[in-house]
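Please open the model in your viewer and keep the selection panel within reach. The tour begins with the whole chain and then stops at two residues.

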Amino acid sequence: MAGSSPSAPASPTRTPKPGNVKDVDWYTSRLPVFGPLPEPEPVDVDHGPESPVWKKVPTDQNVAFLTIDDGALRHPMALPLLKASGVRVTLFLTINYVQKYPDYFKALQAAGAVIENHTFTHTDLRGKSVAFQHHEICDAADRLGQIFGRRPTLFRPPFGDYDDNTLKIAHSCGQKVVLYWSETVDKGIVRYQIADHRILPGHIVLMHFRPAYGDDFLAALTRMKASGVQPALLEDYIKGACDDSCNE
Ligand SMILES: [Zn+2]
């Protein structure tokens, strides 16, 4: 982590200011600028008894998707950076982390974020009973709808772990796609799952509400820009995921 050297001489003429303070302005001044988005071509996922699992969105358009999970930490930069970036993001929120702080997440929602489903308790669902999974998936969707005014249509299982029941139960209560991811971002570093270190069309980037939120958000968008893809809204690429409910 960069910081001012403790041995640096203090200026006698002005208040010393640490040279590397990364405040909101530092981040917003570095956000990449993207051009207009293409008209999305939503994918029809309403067939079969299970919701599909996506590691990436099956599209050839030059778009990628930023998703932000959990909500365990309410970072003060999330709202100003979202507004300054002009991008749309999808938040997969865990009810036990967020339900006492709806206003924080409603402000992000008002700035263009769409809130989706990441269970009540963030428990690994693999091998859990149908009743348990139904509560964590379907009752959670209902509850998120009560809190945020829109019932989620997408589900991300905690840790990305699921079994056959997860996919059937998600489908049974309108969770149209079970989302995995293509890249992760942590501490400002994008980790790729392919040797070609680019964010490719359709890729889904995962970050979290963590202390390095500013670094992660900036890294995700900077790498998208360098990769030649534009950040688009995930729900716009899934038929019926949004209708008008994602657009304020
Ligand atoms: Zn999570």
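A residue is called buried when its relative accessible area is under 20%, exposed when it is over 50%, and partly exposed in between, with a 1.4 Å probe and protein chains only. By that scheme, buried residues make up 48% of the 248 residues in the protein. Bear in mind that this is a predicted model, in which local features need pLDDT of at least 70 and side-chain atom pairs count only at pLDDT 80 or more, while totals for chains, interfaces and linings use all residues. Residues are numbered from 1 along each chain as its sequence is written, and side-chain values use heavy atoms, with hydrogens and water left out.

**Whole chain**

Show the cartoon, and you will find seven helices and 10 strands, where helices (H or I, at least four residues) and strands (E, at least two) are DSSP runs numbered from the N terminus. The radius of gyration, taken over C-alpha atoms, is 19 Å, close to the 18 Å of the globule rule (2.2 Å times the number of residues to the power 0.38), so the protein is as compact as a globular protein of its 248 residues. Along the principal axes, the C-alpha atoms fill a box of roughly 70 × 40 × 35 Å. If contact means heavy atoms within 4.5 Å, then among contacts between residues at least 6 apart in sequence, 75% join residues at least 24 apart.

**First stop: Thr67**

Select Thr67, which lies in strand β2 (residues 63-70) and is buried, with a relative accessible area of 0%. Leaving aside neighbours within four places in sequence, the residues in contact with Thr67 include Thr90, Phe92, Ile204 and Leu234. Arg156 is also in contact with Thr67, and the side chains of Thr67 and Arg156 make a polar contact at 2.9 Å. A polar contact here is a pair of N or O atoms within 3.5 Å; within protein, one must be able to donate a hydrogen and the other to accept it, and residues adjacent in sequence count only if both atoms are side-chain atoms.

**Second stop: Arg151**

Display its side chain together with that of Asp142, and you will see a polar contact of 2.8 Å, while the backbone oxygen of Cys173 lies 2.8 Å from a polar atom of the Arg151 side chain.
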